[in-house]
Amino acid sequence: MALQLKRMDNMDILTNDVPRLVDFYHGTLGLPFFLPYEASDLPEEQWAGIDFGNVVLYIFHTTAAGSVFRRSSVNLEDPVGLDSFAFEVADLDEAIAALDGKVDWVHDDVTPWHHPSGVWYRYRPFYDPDGNMIYVTEPHTARALRDA
């Protein structure tokens with residue numbers, strides 16, 4: 001019997017400051033809650049479920065010390081492990097304008113990427129308050145899908 005994975009359901013971020021990340025993902029980025037967030041004084045009950053559209057991000061409290069390794073957006077230079085996640089936007093320039101002054105950009109430039117199939121992207125990475133890397137990306141896939 002073959003394993004039949006349907007879709008990615010959720011992913012988790014561990015943080016020392018759940019309210020700060022909740023404010024960023026829900027407040028700054030405007031993402032809705034999947035499950036209502038209720039502040040608690042009990043560390044094991046400090047969590048939130050943020051609706052990413054097709055997957056849920058759970059933000060859980062941890063008491064472990066340490067910080068996130070801030071990735072550079074240069075895959076060949078960064079260490080092994082989960083690198084980032086990306087949000088599709090209809091217009092990258094509008095998204096950048098909406099986020100300017102609210103996020104810590106990884107670098108100042110928009111990056112274009114082209115594939116021989118005709119698929120191409122424009123994207124720009126930024127960090128959440130804990131240092132996790134996130135992209136806003138403008139995909140252009142219609143031509144490649146139409147020609148396939």
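**Notebook: salt bridges and the overall fold**

I started at Arg-7, which counts as exposed because its relative accessibility is 57%. I noted the cut-offs: buried is under 20% relative accessible area, exposed is over 50%, and partly exposed lies in between, with a 1.4 Å probe and protein chains only.

I wrote down what I am looking at. This is a predicted model, where local features need pLDDT of at least 70 and side-chain atom pairs count only at pLDDT 80 or more, while totals for chains, interfaces and linings use all residues. Residues are numbered from 1 along each chain as its sequence is written, and side-chain values use heavy atoms, with hydrogens and water left out.

**Entry: the partner of Arg-7**

I looked up which residue Arg-7 pairs with. Arg-7 forms a salt bridge with Asp-9, and their closest N and O atoms are 3.2 Å apart. The rule for a salt bridge is a side-chain nitrogen of Lys or Arg within 4 Å of a carboxyl oxygen of Asp or Glu. Asp-9 counts as partly exposed, because its relative accessibility is 43%. I found six salt bridges in the structure.

**Entry: the whole protein**

I read three helices and nine strands. These are DSSP runs numbered from the N terminus: helices are H or I with at least four residues, strands are E with at least two. Along the sequence the order is β-α-β-β-β-β-α-β-β-β-β-α. The C-alpha atoms fill a box of roughly 55 × 50 × 30 Å along the principal axes.

I checked burial next. The protein has 148 residues, and 34% of them count as buried. The protein exposes about 9,700 Å², and carbon and sulfur atoms supply 54% of this area. Accessible areas come from the Shrake-Rupley method with a 1.4 Å probe, and for residues only the protein chains shown count as cover.

I then looked at contacts, meaning heavy atoms within 4.5 Å. I took those between residues at least 6 apart in sequence, and 52% of them join residues at least 24 apart.

I listed 10 positive and 24 negative side chains, and the centres of the two sets lie 8 Å apart. Lys and Arg count as positive, Asp and Glu as negative; His and the chain ends are not counted. The place of a charge is NZ of Lys, CZ of Arg, CG of Asp or CD of Glu.

**Entry: the loop between β4 and β5**

I found a salt bridge between Arg-71 and Asp-83, at 3.6 Å from N to O. Both residues sit in the loop between β4 (56-61) and β5 (84-88), 12 residues apart. Is Arg-71 buried or exposed? Arg-71 counts as buried, because its relative accessibility is 9%. Asp-83 is at 22%, so Asp-83 counts as partly exposed.

Ser-73 is also in the loop between β4 and β5. Its phi is near 80°, a positive value in a residue other than glycine.

**Entry: Arg-122 and its network**

I looked up what Arg-122 pairs with. The side chains of Arg-122 and Glu-138 meet in a salt bridge, 3.4 Å from N to O. Arg-122 is in strand β8 (residues 120-127) and Glu-138 in strand β9 (residues 133-140), so the pair ties together parts 16 residues apart in sequence. Salt bridges with shared partners join Asp-93, Arg-122 and Glu-138 into one network. Glu-138 and Arg-122 are both buried. Arg-122 counts as buried because its relative accessibility is 19%.

The side chain of Arg-122 also makes a polar contact with that of Asp-93, at 3.0 Å. A polar contact is a pair of N or O atoms within 3.5 Å; within protein, one must be able to donate a hydrogen and the other to accept it, and residues adjacent in sequence count only if both atoms are side-chain atoms.
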